[in-house]
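Please keep the sequence and the structure in view while reading.

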Amino acid sequence: MRVLGVDPGLTRCGVGVVEGVAGRPLTMLGVGVVRTPADADLSHRLLAVERGLEEWLDTHRPDVVAVERVFSQHNVRTVMGTAQASAVAMLCAARRGMPVALHTPSEVKAAVTGSGRADKAQVGAMVTRLLRLSAPPRPADAADALALAICHIWRAPAHNRLQQAVARHTVNATKGRTA
């Protein structure tokens with residue numbers, strides 16, 4: 001499975017591509033950030049994020065896009081920009097018919113470090129170790145994007161089994177009502 005992880009942001013949108021399957025060594029195929037100038041008009045910044053993400057999608061052809069789920073912050077302006085960049089990532093994937101998975105920051109931290117309260121340095125250190133890199137990816141947004149991709153690869157099999165079980169239950173419940 002090849003996953004494009006996206007750590008959404010307007011100034012720095014972290015992107016990272018990881019390939020592999022749960023239980024096997026993973027491979028980083030690319031990491032970086034899509035940057036926009038803070039003083040640019042919002043619509044132009046969103047367009048720049050879209051262009052950057054489209055370029056990553058064209059270059060790496062992932063199977064799925066994993067995006068950090070936006071959570072409430074005290075700074076409304078920051079959370080709005082994050083949500084808008086997140087929406088752009090989901091739109092780019094949907095336009096191509098690609099599945100999108102949303103993971104919370106604590107879910108990603110727990111998957112990669114074992115603790116949902118890990119700090120950025122711990123996440124960066126574990127991403128470095130898991131992907132056998134010589135140094136942590138910089139900036140932290142790039143490391144976070146790789147962590148999102150790793151989290152999805154490791155959690156996708158269980159998530160898929162859960163979705164299949166829910167689908168079977170729904171079909172069986174529907175059959176029971178019509179019989």
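## Backbone at the loops

Does Arg61 count as buried or exposed? At 56% relative accessibility, Arg61 counts as exposed, where exposed means over 50% relative accessible area, buried under 20% and partly exposed in between, with a 1.4 Å probe and protein chains only. The model is a predicted one, in which local features need pLDDT of at least 70 and side-chain atom pairs count only at pLDDT 80 or more, while totals for chains, interfaces and linings use all residues. Residues are numbered from 1 along each chain as its sequence is written, and side-chain values use heavy atoms, with hydrogens and water left out.

Arg61 lies in the loop between H1 and S4, and although Arg61 is not a glycine, its phi is positive, at about 45°. (Helices, H or I of at least four residues, and strands, E of at least two, are DSSP runs numbered from the N terminus.) Arg132, in the loop between H4 and H5, is likewise not a glycine and has a positive phi of about 55°; Arg132 is exposed, with a relative accessible area of 52%. Most residues other than glycine have a negative phi, and most peptide bonds are trans. A cis peptide bond, with omega of about -5°, joins Arg138 and Pro139, and Pro139 belongs to the loop between H4 and H5.

His60 is placed in helix H1, which covers residues 42–60, and counts as buried because its relative accessibility is 12%. Leaving aside neighbours within four places in sequence, His60 is in contact (heavy atoms within 4.5 Å) with Arg2, Val17, Leu29 and Gly30.

Pro99 sits in the loop between helix H2 (76–95) and strand S5 (100–103) and is partly exposed, with a relative accessible area of 45%. Not counting residues up to four places away in sequence, Pro99 touches Asp63, Val64 and Val65.

In helix H3 (residues 105–113), the buried residues are Pro105, Val108, Ala111 and Val112. They lie on the same side of H3 because they cover an arc of only 135° around the axis, the arc being that of the directions from the helix axis to the C-beta atoms. Just after H3, Gly114 takes a positive phi of about 95°.

A nonpolar core is a set of buried Ala, Val, Leu, Ile, Met, Phe, Trp, Tyr and Cys residues joined through side-chain atoms within 4.5 Å. The largest such core has 20 residues, and those with the most contacts inside it are Val18, Val112, Val127, Leu131 and Ile150. The elements that give two or more residues to this core are strand S4 (64–68), H3, helix H4 (120–130) and helix H5 (140–178), and the largest share, 7 residues, comes from H5. Apart from this core lies another, of 17 residues, among them Val34, Leu57, Val88 and Ala93.

## The lining of the largest cavity

Leu4, Val6, Leu53, Leu57, Val65, Ala89, Cys92 and Ala93 line the largest cavity; on a 1 Å grid over the protein atoms alone, a cavity is a set of points where a 1.4 Å probe fits but cannot get out, and lining residues have an atom within 4 Å of a point. Strand S1 (2–7), H1 and H2 are the elements that give two or more residues to this lining, with the largest share, 3 residues, coming from H2.

Technical notes: 1 Å grid on protein atoms, 1.4 Å probe; cavity = no way out; pocket = protein on both sides within 12 Å on 5 of 7 lines; lining within 4 Å.
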